[in-house]
Amino acid sequence: MSRSTTPPTAGSRPSAGSRPSPGATGRPPRLEVDALTVEFGGLTALDDVGLTVGDGEVVALIGPNGAGKTTVFNVVCGLVRPRSGSVRIDGRPAPATSRLADRGVSRTLQGLGLFGGMTAAENVLVPLTGRPRRSADGERAVVAVLQRLDLLDLADTAVDALPYPERKRVALARALVTDPRLLLLDEPAGGLGADDIAALADVVRGIAAAGTSVLLVEHHVDFVMAVADRVVVLDFGRVVACGTPDEVRSDAAVEAAYLGLEAAR
Amino acid sequence: MDRLVLLVSTGVARGLVIALFALSLVIIWRAARIVNFGQAAMAVVAVYVAFAVHAATGSYVLAVLGALVTGALLGLAVERGLMRRVPGATPMPGMIVAIGLVMVLQSLLGVLFGPRHRPMSPVFSQSPLYVGDVPVLSRYDLFVLVVALVVVVGLGLLFNRSTLGLQLRAAAVAPEVSRLLGVRVPRMVTIGWMLSSAVAALAVLLLVPTELGLNAHSADVLFVHAFTVAVLGGLDSPAGALVGGLVVGVLISLVTGYASAGLAPLAVLGLLTTVLLVRPGGIFATKEARTA
C-alpha cells in the first residue's frame, strides 16, 4: 500500500494513447480519459488518471473503496468537474449530463436510482422519452430489452415491489434501452448471487460483442476476470496498474493495493 | 334529509374547486419541491385577465382560455424569472420568495383595481335543481363538477399515460437520475409550474361567481383550504388532494348549513389537527414526501 514510494510496475502506468485498444484503426477511442485530476476540498480524489476504452471493449475499473472509481464515472457523466484533464467520447469533449444519452452514453448507478412509483416498463421507457418521438419504436425497444433481461413478465410490476436482483436488472435494462455505444456500469454484480452474476456476465459479453464499449466498476473479482478485456486498477486516486486480467492478477502493486486486501478478508 | 342532500351535493361542488386548487399545489410540489404560497395571488391575476376578456368579448369560453393561458404564462415567468434564481438546496428560500410575490401581486392589484369586489355572474343558474322534491346541485355547481372532473381525468391521463407525464414524474422523483437519462429536468420544472398555475387559475375562476366577486384577496381562503387539503392528503399525492378536497368541501358545507359559517374554519382546523396527529405525513403520503 505504498502510494508514493513504489513506482508503478514497468509499463503498467498507462498514459493516454500509449496503449491503443484492440482493433483500433486510427479512429479515436470510444472513451478517452486523459490526465484527470479531481479535488474535493483538500482531498485529491483522482490524480492524473488516464484510461481508454475502445470499440466493443470491456474495461474494468477496480480498486479499494474510496479509490476514486465512481468519481471517474461522475466526471465522465459531467456530474463532477475535474480540476484538470479531459474526457473525450469518440474524440469529442464529453457533453453536459443531459446530453449524454444523445451521444450514446448510458450509465447505471450503485444505488440503482430507479423511479419509485413507476412500473418496470415505465422506468425503462424514461430514457426514450426525451428523444424525437417514435412511440411505437420506443415500445418495441422496451419490450425487446425487457425480454432480453428476462423481465417481460414483470413489466407492469411497480419497481418498489421487485426483489433486488430484478430491480438491478431493471436498472440495466434502462441503461440498455437506448442502445448505447458506451455503457458505464457501476457495480453491476454487487449484491447478486452466483447465478445472477453468471447471467450478467453473459449479457455484458453479448453487449460488447455487438460493438458497445463497456466501462465497469466492480468489486467482484471473479466477475471482472470473466468479462473484462482489460483491467485498470485505481488506488488512492491513481492508476497503479493496467493490463489484461492475467497481467493485472500477477502485478505486485495490485496485490498490495487491492487483491491482497480482498484475499485477507 | 332534504337539507342534508343539498348541503352534501353543494359541498361536493365546492370541494372539487378546493381539490383542483390543492391539485395545483401538489403538481408544483412534485415538480419543484416547493409549496407555492404565491399560487392564489397568481391565479387571481389570471382571473382579472379572464374578466377583462369576458368584458371585451362576452364569451365565457374565451374567458376560461384567458385564465388558463395567463396562468400558464405567469407560472412560466415566476419559475424562469424568480424561482430558478433562488437557491434550491432547501425549500425555505423559494417559499419566502413566493410569499414576497403574494405581497407584490396583491398590492399591485389593489393599486390598479381598488378594494371593491367585482361581481361575476355565473354562466349557469345558481338556483338548485330538483330531483323529485329534493333540492340538489345548482346548474352552476353541476358545471363546476363536470369541469373539475374533466380536468382531474385529463391530468391523470397526462401524468400516467403520456411520455410528457412520464418525464414530469421522472424529473419529480429523481432529478439527477433523470438528467443522466436525457430528461430535460429544468424544462419539466417549468412545465410543472405552468400546468400548476393554469389549474389554479381555473379553480379560482370557477370559485369567484359563488363568492362575493373578484378582488385581490378572492382566493385567500381557497388557498388556505387547499393548502390544508394538500397537507391532509400528503403533498405528493394527487389522489389525496382530490379526496381531501371533497372531504373539506362537504365538511365546510355541513358545518355552515347546520351550525354557522363562522364555525367552518374551526372545523377545518380541527380536521387538519386530527389528521396530522394521527398521520403526520398526510393520509396518502409516501413516507419521504414531506421531509424533502
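Q: Which helix of chain A does A:Glu122 lie in?
A: A:Glu122 lies in helix H2 of chain A, residues 120-129. Helices (H or I, at least four residues) and strands (E, at least two) are DSSP runs, numbered from the N terminus. This is a predicted model, in which local features need pLDDT of at least 70, side-chain atom pairs count only at pLDDT 80 or more, and totals for chains, interfaces and linings use all residues. Residues are numbered from 1 along each chain as its sequence is written, chains are lettered from A and ligands numbered from 1 in the order in which they are written, and side-chain values use heavy atoms, with hydrogens and water left out.

Q: Why does A:Glu122 count as buried?
A: Buried means under 20% relative accessible area, exposed over 50%, and partly exposed in between (1.4 Å probe, protein chains only). A:Glu122 has 17% relative accessibility, so it counts as buried.

Q: What makes H2(A) largely enclosed by the rest of the structure?
A: Of its 10 residues, 10 are buried, so the rest of the structure largely encloses H2(A). Among them are A:Ala120, A:Val124 and A:Leu128.

Q: Which residues of chain B does A:Glu122 touch?
A: Leaving aside residues up to four places away in sequence, A:Glu122 touches B:Asn160, B:Leu166 and B:Arg169. Contact means heavy atoms within 4.5 Å.

Q: What lies 3.0 Å from a polar atom of the side chain of A:Glu122?
A: The backbone nitrogen of A:Thr119 does.

Q: Why does the span of helix H3 of chain B agree with its number of residues?
A: The expected span is 1.5 Å times one less than the number of residues. For the 22 residues of H3(B) (residues 60-81) that should be 32 Å, and the end C-alpha atoms are 30 Å apart, which agrees.

Q: What covers the buried residues of H3(B)?
A: The cover includes helix H2 (39-57), helix H4 (92-113), helix H5 (139-161) and helix H8 (185-207) of chain B. The buried residues of H3(B) include B:Tyr60, B:Leu74 and B:Glu79.

Q: Which residue caps the N-terminal end of H3(B)?
A: B:Ser59 does, with a side-chain oxygen 3.4 Å from the backbone nitrogen of B:Val61.

Q: What is the mean pLDDT of chain A?
A: The mean is 85, and 86% of the residues of chain A reach 70 or more; pLDDT is the predictor's confidence in each residue, from 0 to 100. Over residues 1-24 of chain A the pLDDT is below 50. Where pLDDT is low, the predicted coordinates should not be read in detail.

Notes. Polar contact = N/O pair within 3.5 Å; in protein donor to acceptor, adjacent residues only side chain to side chain.
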